[in-house]
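The notes below walk through some helix contacts and then the nonpolar cores.

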Amino acid sequence: MKKSKVLIVLRVFVALAAWFLITECYSIFLEPMLEGKFPEIIRMIMSAVVVPYTVGLGACYLILRGMAIPDKSNDGALSSTAITPGLMFKAFLVQMGLSMPVIMILNIVLNILGIPPHGMSPEDIFGKYFLFYIVILLGFAPVMEEILFRKLFLDRLLVIGETGPIIISAILFGLPHAFSQGIPQMFGTFLIGLVWAYMRVKTGKLWPGIILHIMFNLYGCYFATFMAMRPVTTVLFMFMGIILLPTIAVIILITHMSVRKN
């Protein structure tokens, strides 16, 4: 990779590091100071909404300001593949078929090793802050994370090509999830990040990734928690996640690659 390309990638990594440090420093140092002084829901909004996507996002923009963005009128980067219901459904099946087996198998391994799960629990999702998590998981986070990772970061990486930036942006997306959700989610979000970045590049639009993001959260959080309530549905869910969905995803990918070759 040429020096100029390395500097582009490094600058985007610095922007992510700044965003991460701002959110983590707030959680470690400032958020505890607010305990007892503000209601818990206010502190949750500050931690999940205000700090990451005002101060953090603003810092990212300042670091990346002035970087070149590919001309959308050129062929290749940010092209205009037609967005159809069939394309979206295939993308959904691929993202679930790639991510779910990895997340589920790694969680099983960690459970065997006696390592407790990291991230949101069923009590968080369906507890007294049920509405808060609905808004965050199915509204705010999909929109803001796509703006950050697939707009602010990916667009600036695309000046060096397509395949590399898709992979790099997926790595950028996966890394913070190691701290917020755990190692299994880090690998899972890397894989879905590949799909969402690919959709961004091939369609030239951000909203397909937002829809796919919402669908992933709906399936991975709410549907998965519901299915885990009974042994029978848990086995069915594991069969879907580890065998059925990956098989469908492989078939779709093989078909897609054969069509592109022809």
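Predicted model: local features only at pLDDT ≥ 70, side-chain atom pairs only at ≥ 80, totals over all residues.

## Where α5 meets α7

The axes of α5 and α7 approach within 11 Å, crossing at roughly 60 degrees. α5 is therefore oblique to α7, and the crossing is right-handed.

On the α5 side, the contact is made by Glu-146, Arg-150, Lys-151, Leu-154 and Asp-155. Facing them from α7 are Gly-193, Trp-196, Ala-197, Arg-200 and Val-201. Sorted by class, this contact of α5 with α7 holds five charged, four nonpolar and one polar residue.

## Where α5 meets α8

α5 also packs against α8: their axes come within 8 Å and cross at roughly 145 degrees. This crossing, too, is right-handed.

From α5, the residues taking part are Phe-130, Tyr-133, Ile-134, Leu-137, Leu-138, Ala-141, Pro-142, Val-143, Glu-145 and Glu-146. They meet Gly-209, Ile-210, His-213, Ile-214, Asn-217, Leu-218, Cys-221 and Tyr-222 in α8. By class, the contact of α5 with α8 has 13 nonpolar residues, along with three polar and two charged ones.

## The largest nonpolar core and a second one

Which residues touch the most other members of the largest nonpolar core? They are Leu-148, Phe-153, Leu-172 and Tyr-219, out of 44 residues in that core. Two or more residues each come from α1 (3–34), α2 (40–64), α3 (85–112), α5 (130–157), α6 (163–180), α7 (183–203), α8 (207–227) and α9 (231–261). Of these, α3 gives the most, with nine residues.

Beyond its neighbours within four places in sequence, Tyr-219 is in contact with Phe-92, Met-96, Met-100, Ala-224, Phe-237, Met-240 and Leu-245. There is also a second, separate core of 11 residues, among them Val-49, Phe-132, Ala-141 and Cys-221. As general background, nonpolar side chains tend to be buried together in soluble globular proteins.

## A proline in α6

Finally, have a look at Pro-176, which lies in helix α6. Is Pro-176 buried or exposed? Its relative accessibility is 10%, so Pro-176 counts as buried, the cut-off being under 20%.

Setting aside neighbours within four places in sequence, Pro-176 is in contact with Leu-16, Trp-19 and Phe-149. Trp-19 is 157 residues away from Pro-176 along the chain, yet their C-alpha atoms are separated by 9.8 Å.

Technical notes. Residues numbered from 1 in each chain as written. Heavy atoms only, no water. Core = buried A, V, L, I, M, F, W, Y, C linked by side-chain atoms within 4.5 Å. Buried < 20%, exposed > 50% of the residue type's maximum accessible area, 1.4 Å probe, protein only. Helix = DSSP H or I, 4+ residues; strand = E, 2+ residues; numbered from the N terminus. Contact = heavy atoms within 4.5 Å. Axes fitted to C-alpha atoms, helices over the stretch in contact; angles between N-to-C directions. Left-handed = near helix turned anticlockwise from the far one by under 90°. Nonpolar A, V, L, I, M, F, W, Y, C, P; charged D, E, K, R; others polar. Parallel < 35°, antiparallel > 145°, perpendicular 65-115°, else oblique.
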